Amino acid sequence: MAAAPGAFSLREVLAAFQACVTEQREVLLGPYLQGWRGLVRFLNGLGAIFSFISKDAVTKIQIMESYCGGEQQEEYHTLQSMVSYELSRGLVDLQRRSSHPDSGCRTILRLHRALRWLQLFLEGLRTAQQDASTSAICTDSYNASLAAYHPWVVRKAAVVAFCALPSRNAFLEVMNVGGPEEAVEMLGNALPHIRDVYGITQELYEQHHLLNLP
């Protein structure tokens, strides 16, 4: 089943994250951003509830696309080359936001944190019973990931908004891969690749002490 032009397609997101990791275990930023553009379409398809996350993600994607297409684009071919380049040139604000508030390292970190939330949420949808509360799944996923980086007023508003989420089957229909069973199967194929990209990024950032950039 093909998705309408501009609509979210879980199959396209799967393909993008599959293409992310090289044989050398490096993360290609082009496919990474392509996968994120697909995830933004997923969020947008769920209405205004997730706009506080999707709008920020779009901004971060645009920043990274400007780097990937800019004068130093060869340095932004992979996540690893970006980290090496920016750290060696002093382009990362390690203690406080000052000269480089939109460095690639900081920008990817924000997407990285949101990717963890989406990974947990989609995994919850995949394994939950048909009548499970999507509000509870989403809230638990949010509290285990993004909530720690949001001020109290945003956390409160998010949890209230999650109460209006549609049913699990409605979410699975948005995947645009067929019925609920097909969507669950496709999630089972997609999530290991998303987890892999997340894990490589987490290890790289931990290695360079970048997980708590201001």
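Modeller: One term to start: a salt bridge is a side-chain nitrogen of Lys or Arg within 4 Å of a carboxyl oxygen of Asp or Glu. This is a predicted model, where local features need pLDDT of at least 70 and side-chain atom pairs count only at pLDDT 80 or more, while totals for chains, interfaces and linings use all residues. Residues are numbered from 1 along each chain as its sequence is written, and side-chain values use heavy atoms, with hydrogens and water left out.

Colleague: How many salt bridges are there by this rule?
Modeller: The count comes to six. One of them pairs Arg25 with Asp196. Their closest N and O atoms are 2.6 Å apart.

Colleague: What does the pair of Arg25 and Asp196 tie together?
Modeller: Arg25 is in the loop between helix 1 (10–18) and helix 2 (29–44), and Asp196 is in helix 9, so the bridge ties together parts 171 residues apart in sequence. Helices here are DSSP runs of H or I with at least four residues, numbered from the N terminus.

Colleague: Which residues does Glu123 bridge to?
Modeller: Arg126 is one partner, at 2.8 Å from N to O. Glu123 and Arg126 both sit in helix 5, three residues apart, or about one turn of the helix. An α-helix has 3.6 residues a turn, so residues three or four places apart point the same way. Arg195 is another partner of Glu123, at 3.2 Å from N to O. Glu123 is in helix 5 and Arg195 in helix 9, so that bridge ties together parts 72 residues apart in sequence. Shared partners join Glu123, Arg126 and Arg195 into one network.

Colleague: New topic. How many residues are in the largest nonpolar core?
Modeller: It has 67 residues. Those with the most contacts inside it are Tyr32, Trp36, Phe50, Met82, Trp117 and Tyr205. A nonpolar core is a set of buried Ala, Val, Leu, Ile, Met, Phe, Trp, Tyr and Cys residues joined through side-chain atoms within 4.5 Å.

Colleague: What is Met82 in contact with?
Modeller: Contact means heavy atoms within 4.5 Å. Leaving aside neighbours within four places in sequence, Met82 is in contact with Leu29, Met64, Glu75, Tyr76, Gly104, Cys105, Ile108 and Tyr205.

Colleague: How many residues of helix 6 are buried?
Modeller: Seven of its 10, so helix 6 (residues 134–143) is mostly covered. Among the buried ones are Ser135, Ile137 and Tyr142.

Colleague: What covers them?
Modeller: The cover includes helix 3 (51–68), helix 5 (104–127), helix 7 and helix 8.

Colleague: Which non-glycine residues have a positive phi?
Modeller: Asn176 is one of them, with phi near 60°. Asn176 is in the loop between helix 8 (168–174) and helix 9 (180–207). His209 also has a positive phi, about 60°. His209 is in the segment after helix 9.

Terms used: Buried < 20%, exposed > 50% of the residue type's maximum accessible area, 1.4 Å probe, protein only. Helix = DSSP H or I, 4+ residues; strand = E, 2+ residues; numbered from the N terminus.
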